[in-house]
Amino acid sequence: MNTARHDGLALRPEHVVQGEHRVASGPDAVLTTVLGSCVAACMRDPALGLGGMNHFLLPGTQGTDVGGAAERYGAYAMELLVNALLKRGAQRGRLEVKLFGGARMLKGLTDVGAANAAFAESYLRREGLTYLGGSLGGDQARRVQYWPGTGRARQILLPRQDAAPFEAERARSAPPPPPSAGELELF
């Protein structure tokens, strides 16, 4: 198990890749992901100190699920995360959400990142969930760290790439890059 130290605590980092979600609690829990055009929702119930993160590739379902493709879609990913939190005792009315990702990674093609971001914001409005902000859009990939116990989130912008089909590969990479001028932290 990878552990890192932060503020004197041994952290339990859990990485979330495309199509996955994780739920965690406690002061040592940290959820991480790397995003380009994908979007991650960081969602928590502050009364319980319980939260989670998902990572989706496409905004909504495109008809029926064929061959297990649903994991890539935002509607499915958001429902899985909400239900996982509710199953662990969270209350829907207390859920707070931060959104990250949705970058335009390839110019000249459909802006999937913008569609992902618009879907995620629309989902929160439609479901009556509290949106605390985050960082959507732009043209750079980002590494996101989320502490579900406190709701703290940190984003580190990654160097620009000509193409970004490697979100999942980057997600498995070793330690995060050092903080840069593109770092954003939300409490």
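Below is a short chat about this predicted model, from its overall layout down to a few single residues.

Me: Hi! To start, how many helices and strands are in the chain?
Reply: Hello! The chain has 3 helices and 11 strands. In sequence order, the pattern runs β-β-β-β-β-β-α-β-α-β-β-β-α-β.

Me: And how much of the chain is buried?
Reply: Of the 187 residues, 44% are buried. Also, if you take contacts between residues at least 6 apart in sequence, 67% of them join residues at least 24 apart.

Me: What is the average pLDDT of the chain?
Reply: This is a predicted model, and its average pLDDT is 83, with 73% of the residues scoring at least 70. Two stretches fall below 50: residues 62–67, which have 2 contacts beyond near neighbours in sequence, and residues 162–175, which have 23 such contacts. Where pLDDT is low, the predicted coordinates should not be read in detail.

Me: Okay, on to the inside. How many residues has the largest nonpolar core, and which have the most contacts inside it?
Reply: That core has 21 residues, and Met43, Met78, Leu85 and Leu129 have the most contacts inside it. At least two residues each come from strand E5 (39–45), helix H1 (74–87), strand E7 (96–101) and helix H2 (112–127). H1 gives the most, with 6 residues. As general background, nonpolar side chains in soluble globular proteins tend to be buried together.

Me: What does Leu129 touch?
Reply: Setting aside residues up to four places away in sequence, Leu129 touches Met43, Val82, Arg92, Leu95, Val97, Tyr123 and Leu124. There is also a second, separate core of 13 residues, and Ala24, Leu31, Leu35 and Phe100 are among its members.

Me: Let's look at H1. Which of its residues are buried?
Reply: In H1, the buried residues are Gly74, Ala77, Met78, Leu81, Val82, Ala84 and Leu85. Looking down the helix axis, you would find them within an arc of 160°, so they line one face of H1. An α-helix has 3.6 residues a turn, so residues three or four places apart point the same way.

Me: What do those buried residues pack against?
Reply: They pack against strand E3 (21–25), E5, strand E6 (50–54) and H2. As for the helix itself, H1 has 14 residues and spans 20 Å from first C-alpha to last, close to the 20 Å expected. Just after H1, Gly89 has a positive phi of about 105°.

Me: Now H2. Which residues are buried there, and which are exposed on the other side?
Reply: The buried ones in H2 are Gly113, Asn116, Ala117, Phe119, Ala120, Tyr123 and Leu124. These fall within an arc of 160° seen down the axis, so they line one face of the helix. Arg125 and Arg126 are exposed on the other side of H2. The cover over the buried residues includes E5, H1, E7 and E8.

Me: What comes just after H2?
Reply: Gly128 does, with a positive phi of about 70°.

Me: Changing topic: is Gln140 buried or exposed?
Reply: Gln140 counts as buried, because its relative accessibility is 15% and the cut-off for buried is under 20%. You'll find Gln140 in the loop between strand E8 (130–136) and strand E9 (142–147).

Me: What polar partners does the Gln140 side chain have?
Reply: A polar atom of the Gln140 side chain lies 2.7 Å from the backbone oxygen of Leu158. The side chains of Gln140 and Arg160 also make a polar contact, at 3.4 Å.

Me: And Thr32, where is that found?
Reply: Thr32 is in strand E4 (residues 29–35), and it is buried at a relative accessible area of 11%. Its side chain makes a polar contact of 2.7 Å with the side chain of His15. Beyond neighbours within four places in sequence, Thr32 contacts Glu14, His15, Val16, Met53, Val144 and Gln145.

Me: Last one: is Thr150 buried or exposed?
Reply: Thr150 is exposed, with a relative accessible area of 54%. It sits in the loop between E9 and strand E10 (152–157), and its side chain reaches the backbone nitrogen of Arg152 at 3.2 Å. Thr150 and Pro27 are 123 residues apart in sequence, yet their C-alpha atoms are 7.4 Å apart in space.

Technical notes:
Residues numbered from 1 in each chain as written. Predicted model: local features only at pLDDT ≥ 70, side-chain atom pairs only at ≥ 80, totals over all residues. Heavy atoms only, no water. Helix = DSSP H or I, 4+ residues; strand = E, 2+ residues; numbered from the N terminus. Buried < 20%, exposed > 50% of the residue type's maximum accessible area, 1.4 Å probe, protein only. Polar contact = N/O pair within 3.5 Å; in protein donor to acceptor, adjacent residues only side chain to side chain. Core = buried A, V, L, I, M, F, W, Y, C linked by side-chain atoms within 4.5 Å. Contact = heavy atoms within 4.5 Å. pLDDT = per-residue confidence, 0-100. Arc of directions from axis to C-beta. Expected span 1.5 Å × (residues − 1).
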